[in-house]
Amino acid sequence: MKQIMTRNLLNFNGMLLVSILLLVAHFSIVSARLTTGTEFVVAFPCMTCCGNLSLVFVNGNSASTSVPIQSPYPGFQSIHETISAQSTMRAYINDSSMQVSCGTDANNAERKGIRIDATAPISVYLDLEMSDGVYFCNFLVLPVSMLSNEYCNIGLGLLGDTYNYGIFVAVQDNTIINLGGAQDPIVLNALDAYFLVGNFVSSPFVTSNVPFAFISTYSFQPDAQIMSLPSSYRGREFPILADPNFNTTNALIFAFDNDTTILKNGVNVGSLNAGQHVTIPITQAAVITTTKDTQISVGDHMKGYGYALSSFLSTTVIFYPLAHVPYKSVNPTHSLQLIVPLDSAGQVALDGQTISALLYLRIPNSSYYYIVLPISSGQHVLTPSGPNVHFMASVFSTVYGDPYPWGKFIVGLNLP
């Protein structure tokens with residue numbers, strides 16, 4: 001029987017994602033959507049064995065929130081938890097078989113989807129770590145209200161091959177997922193999870209008749225997993241920081257329109273037509289701008305993936321690093337990456353202490369500045385000094401200088 005143990009981790013007095021503003025090119029500000037919701041569906045990626053499976057819930061409301069956790073997987077016992085006001089809870093799932101099947105067992109519908117409901121809006125994060133700390137993945141779980149029936153197939157070609165990898169999780173019955181070409185559609189019922197492995201997707205988009213969750217795994221291994229953003233999430237200006245452990249990363253740029261010109265720190269580096277993508281190496285920091293809308297993922301198959309964002313936070317954010325399983329008996333250490341426009345430097349506080357504007361470094365040929373700060377495990381708070389202060393934030397974890405996890409956890413993903 002599947003059992004879930006929960007424990008209260010943190011209490012805090014700030015509001016989490018009270019409001020999020022989108023900052024587009026030339027700093028014109030428009031409204032953005034919150035990354036909180038009351039309904040979520042997700043599945044745990046494949047770690048092959050020995051996984052530590054958990055879900056992290058953040059309740060930034062002024063009242064407690066009831067959170068049922070359910071799955072149709074045989075033997076899974078539904079759980080009903082209450083998260084106190086302004087607190088965070090980690091729920092452990094003590095059965096590694098809840099991961100989607102790998103290898104020859106892939107490419108099959110499994111009843112391993114998980115549904116999370118809440119009586120008030122919360123944020124949800126998935127955290128999956130191997131017991132010895134070797135492999136790790138975590139990501140923000142998008143609420144059902146933010147899911148789509150179309151996603152970019154940006155996983156194609158990342159490893160230099162033609163394989164595709166991805167996990168589909170159905171929200172409702174008779175979800176028909178189209179992969180393009182002659183490949184037969186995949187038909188799923190509510191909370192079915194399907195791990196796609198193979199050279200199947202010929203279209204630049206993965207589509208469905210109804211909204212569904214799409215987790216891009218990018219490789220057969222679990223070190224590169226993120227929950228895909230809908231194709232409607234687009235931008236034209238993306239400040240990007242490299243992995244702080246190696247100072248390098250890759251920007252995978254997907255174009256929606258023909259004749260899309262790409263500039264890196266103001267220098268023309270090429271162009272794309274609709275449905276095409278290209279990988280641009282990033283050293284330390286850069287700003288990618290495009291003449292037409294694009295979507296960009298950041299990372300590689302050894303360090304994991306995240307999304308480059310074109311939108312900024314303008315609100316207090318409570319966070320803590322998710323990585324917690326030791327590697328070779330050493331606990332992970334953590335760092336915070338912060339990006340701000342020039343007029344917001346010196347206007348953001350970490351745990352009540354304003355970060356001096358003199359500590360920021362400029363991203364070349366841009367009006368963006370950044371800083372990388374060591375942080376401890378446990379609760380942290382980022383606070384802007386006013387409503388016109390904007391920032392992006394992400395968290396990296398490492399052991400012995402090796403990326404742990406192989407990738408970054410983005411704090412407060414901003415959706416327009």
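Among contacts between residues at least 6 apart in sequence, 76% join residues at least 24 apart, where contact means heavy atoms within 4.5 Å. This is a predicted model: local features need pLDDT of at least 70, side-chain atom pairs count only at pLDDT 80 or more, and totals for chains, interfaces and linings use all residues. Residues are numbered from 1 along each chain as its sequence is written, and side-chain values use heavy atoms, with hydrogens and water left out.

**The chain overall**

- You'll find 34 strands here and zero helices; both are DSSP runs numbered from the N terminus, with helices being H or I of at least four residues and strands E of at least two.
- Of the 416 residues, 59% count as buried, meaning under 20% relative accessible area, with exposed over 50% and partly exposed in between (1.4 Å probe, protein chains only).
- The chain exposes about 15200 Å², and carbon and sulfur atoms supply 50% of that; the areas come from the Shrake-Rupley method with a 1.4 Å probe, and for residues only the protein chains shown count as cover.

**Strand pairing**

- An open sheet of four strands runs in the order E26-E32-E28-E29, with antiparallel pairing; strands pair if DSSP finds at least two bridges between them.
- Strands E26 (317–319) and E29 (353–354) sit at the edges with a single partner strand each, so one side of each has no neighbour in the sheet.
- Two bridges tie E28 (residues 348–350) to E29, and Leu350 has Gln353 in E29 as its bridge partner.
- Elsewhere, five bridges join the antiparallel strands E21 (residues 260–264) and E22 (residues 267–272), with Thr261 partnered by Ser271 in E22.
- E21 and E22 make a hairpin with two residues between them, and Asn265 in the turn has a positive phi of about 50°.

**Nonpolar cores**

- The largest nonpolar core has 80 residues, of which Phe57, Ile114, Leu126, Leu147, Phe168 and Phe195 touch the most other members; a core is a set of buried Ala, Val, Leu, Ile, Met, Phe, Trp, Tyr and Cys residues joined through side-chain atoms within 4.5 Å.
- Strand E10 (residues 114–130) gives this core its largest share, nine residues.
- Leaving out residues up to four places away in sequence, Leu147 touches Val41, Leu142, Val171, Pro211, Phe212, Ala213 and Met227.
- Another core, of 19 residues, lies apart from it and includes Leu313, Leu336, Val348 and Ile375.

**Lys112, a buried lysine**

- Lys112 sits in the loop between strand E9 (109–110) and E10, and counts as buried because its relative accessible area is 6%.
- Its side chain reaches the backbone oxygen of Ser97 at 2.8 Å and that of Gln99 at 2.7 Å.
- Beyond neighbours within four places in sequence, Lys112 has contacts that include Val42, Tyr73, Met98 and Leu191.
- Lys112 also meets Glu110 in a salt bridge (3.4 Å, N to O), and both residues are buried.

**Salt bridges**

- The whole structure has six salt bridges, each a side-chain nitrogen of Lys or Arg within 4 Å of a carboxyl oxygen of Asp or Glu.
- Arg236 and Asp293 meet in one of them (2.9 Å, N to O).
- That pair links distant parts of the chain, with Arg236 in strand E19 (residues 235–241) and Asp293 in strand E24 (residues 285–300), 57 residues apart.
- Arg236 is partly exposed at 42% relative accessible area, and Asp293 is partly exposed at 24%.
- Shared partners join Glu39, Arg115 and Asp117 into one salt-bridge network.

How values were computed. A polar contact is a pair of N or O atoms within 3.5 Å; within protein, one must be able to donate a hydrogen and the other to accept it, and residues adjacent in sequence count only if both atoms are side-chain atoms.
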